[in-house]
Amino acid sequence: MVKINLNLIKKNPLSLTSILADKQGIFKKYNIDMNLYLDEDFFFKGNVEFLEGRSDAMMGDTTFFFYMLEKGKKAVITSNLTRTINLVGGKDLPKDLNGIRVGVNRSGLFRLFLENDLKDIIRNPKIVWINNTYDRIQALESGEIDALVAIEPFVSKVVNNGGKVIWDSRNSDKNLVMWCFDEDFYNNNKEAVKNFHKAVNEAAELFNSSSSEEKVNYFMECCGFPREVAESFKNFSFEINGDYRKEDFNLCQEWMYREGEIKRLYDATSLVKNTK
């Protein structure tokens with residue numbers, strides 16, 4: 001068996017497939033000795049476990065990958081990921097979305113989406129830089145912003161308080177979220193990485209085929225969500241991990257380079273190693 005060390009955030013819904021694959025023995029079925037260790041909540045610490053080599057893999061939006069490369073981490077993208085990024089308005093969201101104040105993580109994908117998917121949905125937004133999602137929600141509740149960028153379970157928190165989803169990244173023709181592995185680990189364990197994705201996809205299919213109540217229970221048991229939060233996932237489904245497109249890689253990096261977020265451009269052919 002090949003050992004994989006993996007650090008994830010327990011409250012991130014996207015962690016559920018890995019937690020479920022571990023609990024259900026799916027990783028073992030694929031000859032993987034999974035050392036899964038979980039942070040209880042979002043600590044916004046920059047994926048330091050992956051950067052410093054304690055975790056062999058990382059998931060997130062593609063900007064995370066390029067920031068890792070800029071810090072000297074050698075890594076490769078191995079698949080895409082379920083898209084959960086949303087633009088969510090508060091309960092007092094103006095009907096006219098022109099000029100709305102949007103709370104945004106400075107290092108996220110919002111500005112890229114603004115140039116592409118959102119250009120005909122909202123115009124002239126006033127961006128308010130708030131890197132911590134909990135702080136963005138507080139700013140929304142206090143009326144400092146009209147909308148924010150977030151993933152679940154934060155989206156449901158806003159919607160349950162009277163807000164609404166303005167835009168869901170699943171409506172995009174792009175998939176800018178990914179799994180990546182340490183490059184040396186990948187080169188030495190290509191079959192294990194392929195099996196990792198098979199196991200995670202099997203867990204996703206198990207979840208997707210479950211009843212609404214079973215889905216709620218999975219999120220309560222695996223992610224520790226209280227029932228009122230878990231209930232928001234009763235109709236949720238995971239996208240099955242597949243090939244990460246080089247066009248998306250280049251779109252993201254060219255935008256980041258133009259914006260001064262990265263200092264150079266990278267070769268997609270050598271850094272995108274789809275495992276299907």
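**Close-up views of a predicted model**

**View 1. Ser-55 sits in the loop that runs between helix H3 (48-51) and strand S3 (57-61).** The model shown here and in the other views is predicted. Is Ser-55 buried or exposed? Ser-55 is buried, and its relative accessible area is 1%. Two polar contacts of its side chain can be followed in this view. In one, a polar atom of the Ser-55 side chain is 3.0 Å from the backbone nitrogen of Asn-7. In the other, a polar atom of the Ser-55 side chain is 2.9 Å from the backbone oxygen of Ala-57. Leaving aside residues up to four places away in sequence, Ser-55 touches Asn-5, Leu-6, Asn-7, Tyr-37, Glu-49 and Phe-50.

**View 2. An open sheet of three strands has the order S3-S10-S4, with antiparallel pairing.** The edges are taken by S3 and strand S4 (75-80), each with a single partner strand, so one side of each has no neighbour in the sheet. On average, neighbouring strands of this sheet are turned by 30° against each other, direction ignored. Five bridges join S4 to strand S10 (residues 177-182) in the antiparallel sense. Which residue of S10 is the bridge partner of Asn-80? The partner is Met-178. Helix H4 (residues 62-70) packs on the sheet and touches S3, S4 and S10. The direction of H4 makes about 125° with that of S3.

**View 3. Five strands form an open sheet in the order S7-S6-S8-S5-S9, and the pairing is mixed.** Strand S7 (126-129) and strand S9 (164-168) are the edge strands, each pairing on one side only. From one strand to the next, the twist averages 30°. Strand S5 (residues 86-89) and S9 run antiparallel and are joined by four bridges. Val-88 has Val-165, in S9, as its bridge partner. Helix H6 lies across S6 and S8, and its direction is at about 160° to S8.

**View 4. Helix H6 (residues 133-141) has five buried residues: Thr-133, Arg-136, Ile-137, Ala-139 and Leu-140.** Why do these residues lie on the same side of H6? They cover an arc of only 160° around the axis, and therefore share one side of H6. An α-helix has 3.6 residues a turn, so residues three or four places apart point the same way. The cover over the buried residues of H6 includes strand S6 (101-104), strand S8 (147-150) and helix H7 (154-160). At the start of H6, a side-chain oxygen of Asn-132 comes within 2.8 Å of the backbone nitrogen of Tyr-134. Just after H6, Gly-143 has a positive phi of about 85°.

**View 5. Cys-180 and Cys-223 are both shown with their closest cysteine sulfurs, Cys-180 with that of Cys-252 and Cys-223 with that of Cys-222.** How many disulfides does the model have? The count is zero. Cys-180 is in no disulfide, and the nearest cysteine sulfur, in Cys-252, is 12 Å away. A disulfide is a covalent bond between the sulfur atoms of two cysteines. For Cys-223, the distance from its sulfur to that of Cys-222 is 6.2 Å, which is too far for a bond; the cut-off is 2.5 Å. Cys-180 is buried, with a relative accessible area of 0%. Cys-223 also counts as buried, at 1% relative accessibility.

**View 6. Asn-195 is placed in helix H9 (residues 190-208).** Asn-195 is buried, with a relative accessible area of 12%; the cut-off for buried is under 20%. Not counting residues up to four places away in sequence, Asn-195 touches Tyr-30 and Ile-32.

**View 7. Lys-29 lies in helix H2 (residues 26-29).** Is Lys-29 buried or exposed? Lys-29 counts as exposed, at 55% relative accessibility. Lys-29 and Met-1 are 28 residues apart along the chain, and 10.0 Å separates their C-alpha atoms.

Key
Residues are numbered from 1 along each chain as its sequence is written. This is a predicted model: local features need pLDDT of at least 70, side-chain atom pairs count only at pLDDT 80 or more; totals for chains, interfaces and linings use all residues. Side-chain values use heavy atoms; hydrogens and water are left out. Buried means under 20% relative accessible area, exposed over 50%, partly exposed in between (1.4 Å probe, protein chains only). Helices (H or I, at least four residues) and strands (E, at least two) are DSSP runs, numbered from the N terminus. The arc is that of the directions from the helix axis to the C-beta atoms. Contact means heavy atoms within 4.5 Å. A polar contact is a pair of N or O atoms within 3.5 Å; within protein, one must be able to donate a hydrogen and the other to accept it, and residues adjacent in sequence count only if both atoms are side-chain atoms. Two strands pair if DSSP finds at least two bridges between them. Axes are lines fitted to C-alpha atoms, for helices over the stretch in contact, and angles run from 0 to 180 degrees between N-to-C directions.
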